[in-house]
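This report looks at charged side-chain pairs. Take the sequence and structure below as the starting point.

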Amino acid sequence: MSVPLPSPPTAPDPRRWWALAVIALTQLVVVLDATIVNVALPQAQLELELSDTERQWVITAYVLAFGALLLLGGRVADYWGRKRGYLLGMLGFGAASVWGGLAQSGTELIVARGFQGAFAALLAPAALALLTVTFPAGRERGTAFAVFGTVAGTGAAVGLALGGVLTEYADWRWCLLVNIVFAVVGLIGALLFVSESRVEGDNRYDIPGALAVTLGLASLVYGFTLAESGWTEPDTVGFLAGGLVLLAVFGWVETRVAQPLLPLRIVRDRARAGAFLIQAAIGAVYIGMTLYLMFHLQIVLGLSPLLAGLASLAMTFATMITAPVAARLLPARGPRVLMTAGPLIAAAGMVWLTFVTPDGSYWTEVFGPLVVVGVGIAFVIIPVQNVALVGVARHDAGAASALVNSAMQIGGCVGLSVFTTIYLGAVERSGAAGSGRGAALTEGYSAVFLATAVTLVVAAIVAATMLRGPRPAVTPDRVAEVPAHVG
C-alpha cells in the first residue's frame, strides 16, 4: 500500500513586502489624521467662524466614531472579507477627506470628520488583520510587526509636522485633502499586492451592541459639552444619564448575544481592566493636551503653524528616547511600578506647563514640561498593551487588542469634551475679572493642563491599586504572535 506524500509547505506570497508597504501606509494615514488637523484648527476656526465648542467637535467627531466603531469594524473585516473591507474603508476615508477639505461650514466639517472616523474604524482593523495573515509566523512576522509598530509610533509626530507645513505653505484644507494621495496609493497598492482572506463559518454581527455602545458614548460626550451651561441643567443631566443607561444596555446585550462585540470575560480580569482605564486616561491627556497646546503656541505665543507643529515634537522625541529604557526596566521592575511612576512623572510635567504666561516663550515655559511629559508617557505605553493582552485566550485576542485602541480613542473624546468645558469656564471667569484676551486664553489653557495632570494622577492610582500580583512579561516574539485587530 502506498503512503501518501506530505503536502509541500505553502510558499510565501512573493508580494508580501509590497503588501506590508501598503498596510504600513494605511496605519500612517489613520494615526496622523488624529493630529494633523490640530495644527490647522486655529485657521479653520477663523475661516468657518466656529465657536470654541464646535472647534472641539472637529477632533471629537473623528475620535468618537473611530473608537466607538472599532470593534464592529474588526468584525466586519473578518466576516465580510479583509481586503474588501480595506478597499471600502480606504475609499470612504478618501471621500470623507475630500468632503471635509471642501467644507463651507463648521457643520459640514464636523460631519465629514465623523465619516472619516467611521471609515477609519473599518480600515484600521482590516489592515492589521491583513498583516496578520500575510505574515503568519516566523522571523518575517516579527519584522513586519516591528515596521507596523514603528509607523504607528511616529504617525502622530508626522501628523503634527505635516499639518504645520501644509497649513503654512498651502492652506488648512490641505490637511484633509492630502489624504487623496494616500487613498489613491492605498487603493492601487491593495488591488495589486494584497490577497483576500476572511473568517469562515456562521458569523453574526452584534448590531444591537454596536448601536448601544455608539449611541451611549455619543450621548455621554455630548452631555459633557453641554455642561458649560451648568452641570445641573436638564439637557446636561439627560444626555449624561442617557449615555450611562445605553452603556449599561450594551453590557447587558454582550451577555446575551452569541458573538458579542466585546466578550465581558476580557474586562473581568482586574489588571487588564486597569490597563484599559489607564489607556483611556493617556488618550484623554494626549489628545486634549496636544490640541490646547497648539492653540497656546499659535494664538498666544504667535508661532507659525509650521513652528508650532515642530515645537510639539519635543514630547514625541522624549518618548522615543525613553522607550528603550522603559523596555529594559519592564522585566526587572514589572508593569505596576512603571505604570504608576510614568503617569506621576507626566503629571509633574503638566503641572509645570500650567505656569505658561501670555508673554512667555517656548523655550522657558513649554519645552521643559513637554520633555518631562514625554518621559512619563514612555513608561506607560511600553507595558500597557502587554498587561492588556497577556493571558487573553487566542479567540479573544482580536477583541482585546481592539479594546486597547478603542479605550485610547474613547478616552480622548470624553476627556476632550470635559477639558473644553473646563477651558470655557476658566476663560469666562478670567474675562469677567477684567483680564485681556491673551491672559484669559492662557488661563483657560492652564486650567486644561491642570485637569490633565489630575487625570494622570488618577491613572497612577489605578495602576497602584489594580495592577497587583505578578503579570507575565511579553517578549517581542510573543507580541508578534498576538493576532491583533488594530495597531
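## Asp52 and Arg55

The side chains of Asp52 and Arg55 form a salt bridge, with N and O 3.6 Å apart. The model is predicted. Both residues sit in helix α3 (residues 52-80), three residues apart, so about one helical turn separates Asp52 and Arg55.

How exposed is each partner? Asp52 is partly exposed, because its relative accessible area of 22% falls between the limits of 20% and 50%. Arg55 has a relative accessible area of 2%, so Arg55 is buried.

## Arg113 and Asp33

Which side chain does Arg113 meet in a salt bridge? The partner is Asp33, at 3.2 Å from N to O. This pair links distant parts of the chain, 80 residues apart. Arg113 lies in helix α5 (residues 106-134). Asp33 lies in the loop between α1 (16-32) and α2 (36-48).

Are these two residues buried or exposed? Arg113 is buried, at 1% relative accessibility. Asp33 is buried too, with a relative accessible area of 0%. Both values are under 20%, which means that both residues count as buried.

## Arg82 and Asp78

Arg82 and Asp78 form a salt bridge. Their closest N and O atoms are 3.1 Å apart. Arg82 counts as buried at 11% relative accessibility. Asp78 counts as buried at 8%.

## Overall count

Side chains of opposite charge can pair when their charged atoms come close. How many salt bridges does the model hold? The count is five. Among them are Asp52 with Arg55, Arg113 with Asp33, and Arg82 with Asp78.

Notes:
Residues are numbered from 1 along each chain as its sequence is written. This is a predicted model: local features need pLDDT of at least 70, side-chain atom pairs count only at pLDDT 80 or more; totals for chains, interfaces and linings use all residues. Side-chain values use heavy atoms; hydrogens and water are left out. A salt bridge is a side-chain nitrogen of Lys or Arg within 4 Å of a carboxyl oxygen of Asp or Glu. Helices (H or I, at least four residues) and strands (E, at least two) are DSSP runs, numbered from the N terminus. Buried means under 20% relative accessible area, exposed over 50%, partly exposed in between (1.4 Å probe, protein chains only).
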